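Welcome to a short tour of this protein chain. Have a look at the sequence and the model, and then read on for some of the contacts inside it.

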Amino acid sequence: MKILITGICGFVGSTLARTLLACVEGFQIIGIDNLMRPGAETNRQSLKSLGIEFVHGDIRSASDLAGLPAADWIIDAAANPSVLAGVAGGGSSRQLFEHNLAGLGNVLEYAKVHRAGLLLLSTSRVYSIPALATLPLKVEGDGFVLDDTRPLPAGVTAEGIDTAFATTAPISLYGATKLASEIMALEYGAAFDFPVWITRCGVLAGAGQFGTPDQGIFAYWINAHLRRRPLRYIGFEGLGRQVRDAFHPSDLAALLLAQMRSTRDGGQRIYTAGGGPRNAWSLARLNSWCDGRFGTHTPAADPRPRPYDIPWVVMSNADVQRDFAWSPALGLDAIAAEIAAHAGQHPQWLELSGL
């Protein structure tokens, strides 16, 4: 089986490639990346040494994709993944549109020509910001949790947020490009008869991630805490109570493999996946974990709200457990320890990540 991974030199793309090669015999992997992301160049040689065919190209260029050999499946891991992209750094709004949506159009044309299945990596940020901001929450310990004494809106259970939750605007420019990508992918699959699976991922985290304050928060925070960089609790009274779940791309690879092996026609094509409630930490809890590992380092309180900030996002795994018998194997403690070990071995990692 031949797989094309777009954005292969990023943290998620490169980890998926390594994991799939290690666990499945007979896979051939082609990867394309424009190497625009700071740090991405570091993955190119190690991937090539594994026998991966690497192409330095840009999915925004139709001719770059046209020259690629045919693949059976495409894993689309190419995107500008920052929720602040196009608004507060990380390139212009036009660049965001071109990277995340126009580029996908070229990927879909490639899938149409080669009848390749598509595994589209989407995001928890396709959900309505007002709906997320008004979830019934309470403070428990150092973070927010769902308040189970109050009615929950559709698409939210004790297991987290699922595909039925509201996607009405505003969802951020980034979220809008990903939601539009989901729609276009499903339409292309239906019109040109190739399989499409879409996974709305929670936070992906692990060693080797090029973390920044606006994405890759677990990797960024652990590296910054170790190096005694200034840290801030932004918004929500400056107490670090905002909560995210996280899981490892190697676990995501197992889910994608199950989707590729599925012979099911029709039915549900969009799923949510993440660490779930058992792997969800507040920033304050993450900082406490770092204090225990590296010694005390107290973040500054900055209660001013930022655009698109939300207090609590935890993804439900109920549907992927039911349909693919999938749940994350690595817990957040293990992921944090992996990041910390990597941070200790790479003292210049924040600089490499562009910070």
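Tyr-127 and Phe-165 are both buried in this predicted model. Their rings form an edge-to-face pair, with 5.6 Å from centre to centre and 75° between the planes. Tyr-127 sits in the loop between strand E5 (117-123) and helix H5 (129-133), while Phe-165 belongs to the loop between strand E9 (160-161) and helix H6 (173-192). The pair thus links distant parts of the chain, 38 residues apart.

A second pair is made by Tyr-271 and Phe-324: the ring centres are 5.2 Å apart and the planes stand at 65°, so this pair is edge-to-face. Tyr-271 is part of strand E14 (residues 270-273) and Phe-324 is part of helix H10 (residues 318-324), so the pair ties together parts that lie 53 residues apart in sequence. Are these two residues buried or exposed? Tyr-271 has 0% relative accessibility, so it counts as buried. Phe-324, at 12% relative accessibility, counts as buried because the cut-off is under 20%. Ring pairs also bring in Trp-197, which forms a cluster with Tyr-271 and Phe-324. In the whole structure, a search finds ten aromatic pairs.

Rings meet charges here as well. The charged end of Arg-269 sits over the ring of Trp-197, at 3.7 Å from its centre. Likewise, the charged end of Lys-112 is placed over the ring of Phe-192, 5.0 Å from the ring centre.

Tyr-271 turns up again among the neighbours of Thr-199. Thr-199 lies in strand E10 (residues 196-201) and is buried, with a relative accessible area of 1%. Leaving out residues up to four places away in sequence, Thr-199 touches several others, including Leu-120, Leu-121, Ser-122, Thr-123, Leu-252 and Ala-273.

Now for the helices. Two packed helices are described by the angle between their axes and the distance between the axes. Here are two such pairs.

| Helix pair | Angle | Axis distance |
|---|---|---|
| H4 (residues 93-114) and H6 | about 15° | 10 Å |
| H7 and H11 (residues 332-345) | about 50° | 9 Å |

With that angle, H4 and H6 are therefore roughly parallel to each other, and their crossing is right-handed. Among the residues of H4 that meet H6 are Leu-96, Phe-97, Leu-101, Leu-104, Leu-108 and Lys-112. On the H6 side, the contact includes Tyr-174, Ala-180, Met-184, Tyr-188 and Phe-192.

H7 contributes Phe-218, Ala-219, Ile-222, Asn-223 and Leu-226 to the contact. H11 contributes Leu-332, Ala-336, Ile-339, Ala-340, Ala-343 and Gly-344.

How many of the ten residues of helix H7 are buried? Eight of them are, so H7 (residues 217-226) is largely enclosed by the rest of the structure. The buried residues are Phe-218, Ala-219, Tyr-220, Trp-221, Ile-222, Asn-223, Ala-224 and His-225. Just after H7, Arg-228 adopts a positive phi of about 60°.

Conventions:
Residues numbered from 1 in each chain as written. Predicted model: local features only at pLDDT ≥ 70, side-chain atom pairs only at ≥ 80, totals over all residues. Heavy atoms only, no water. Buried < 20%, exposed > 50% of the residue type's maximum accessible area, 1.4 Å probe, protein only. Helix = DSSP H or I, 4+ residues; strand = E, 2+ residues; numbered from the N terminus. Phe/Tyr/Trp six-rings, centres within 6.5 Å; stacked < 30°, edge-to-face > 60°. Lys NZ or Arg CZ within 6 Å of the ring centre and 35° of its normal. Axes fitted to C-alpha atoms, helices over the stretch in contact; angles between N-to-C directions. Parallel < 35°, antiparallel > 145°, perpendicular 65-115°, else oblique. Left-handed = near helix turned anticlockwise from the far one by under 90°. Contact = heavy atoms within 4.5 Å.
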